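Look at the model below and follow the text one part at a time.

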Amino acid sequence: MAPEIHDKLNRLREKALAAGVPAEDVERWLATARPCATLSPKADGPLVGRLGGPLMLPPGAPDPEQLGWLHLAATLDLAALPADATDLPLPADGTLVLLTNTDALDSIGEAIRIPPGTPVAEREVIREDADWFTAGLDALIHGELRLRRDVSFPGHDSIIDTEAHPHHKALREAWWSMKSEDPHRGWSLLQIGGYAWDEYGEIDPVTQGEYGHDPEDPVLLAQWSPGVDNLEGAEICWSGDRGDLAAGRFDRVVTAMFFAP
């Protein structure tokens, strides 16, 4: 376990105990932690990818406007993402492209893995119908994405075993108070792996997402918090089945958007 993760868990333990949560309940909650990678322009770790920028796709891929893609969220170099930074079975190399339609509060989006050595060309994204919600968004989404090893806890009531975790509200409050103090929070944070989360913390978009199939082991691939004008309070999730990710079936990834302006 990385020293910074060990320190974070100890601080959460101290906060929870100070809030009156019994020690055995604190330890049971800590056992639910999942490793994740926090990617941000504010982090100082290895370079993993970039926010926005030109959309580079293989010649055979559909044009963005044909599928309703309006925005390139991020492009990641999978070879630069340490295998143990998450518990996801991601390919060891290639490029991961995350796209989303932020004009519509729906599940339009894509995750595309481009194998190494594949020829790519820049694609034009047409936004003739873009409204106030995303006007000027491309100019705001930019910057390097650097790695910080992190940890994640259940963020939604729908996936919490309340009998096993009777103090889950106090534990989540302690965790959120720590996150609010995190200097890496804020503008355009991208989380890879871990649990999904949002301001309300009710329905988990990963386990209750609108899949076109029945995933055996649904997992969060990525969650993006744009944190920019007109998208303050938005959380966009890309989710899939663990087995599909291991098999490179990124075409089965689905997206969901939470928005509380």
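Asp244 sits in helix 6, which covers residues 242-246; helices (H or I, at least four residues) and strands (E, at least two) are DSSP runs, numbered from the N terminus. This is a predicted model, in which local features need pLDDT of at least 70 and side-chain atom pairs count only at pLDDT 80 or more, while totals for chains, interfaces and linings use all residues. Residues are numbered from 1 along each chain as its sequence is written, and side-chain values use heavy atoms, with hydrogens and water left out.

Asp244 counts as buried because its relative accessibility is 12%; buried means under 20% relative accessible area, exposed over 50%, and partly exposed in between (1.4 Å probe, protein chains only). Leaving aside residues up to four places away in sequence, Asp244 touches His213, Arg249 and Arg252, where contact means heavy atoms within 4.5 Å.

Next comes helix 5, residues 168-180. Its 13 residues, at 1.5 Å a residue, should span 18 Å, and the end C-alpha atoms are 18 Å apart, which agrees. The expected span is 1.5 Å times one less than the number of residues. The buried residues of helix 5 are His168, Leu171, Arg172, Ala174, Trp175, Met178 and Lys179. They lie on the same side of helix 5, because they cover an arc of only 155° around the axis; the arc is that of the directions from the helix axis to the C-beta atoms. Lys169 and Glu173 are exposed on the other side of helix 5. Among the elements that cover the buried residues are helix 1 (3-18), helix 2 (23-30) and strand 8 (142-152).

How many salt bridges does the structure hold? There are 13, a salt bridge being a side-chain nitrogen of Lys or Arg within 4 Å of a carboxyl oxygen of Asp or Glu. One of them joins Arg28 and Asp25, whose closest N and O atoms are 2.2 Å apart. These two are separated by about one helical turn, because they are three residues apart in helix 2. Arg28 is partly exposed at 36% relative accessibility, whereas Asp25 is buried at 9%.

Another salt bridge links Arg149 and Asp84, with 3.0 Å between the closest N and O atoms. Arg149 lies in strand 8 and Asp84 in the loop between strand 4 (71-77) and strand 5 (95-100), so the pair ties together parts that are 65 residues apart in sequence.
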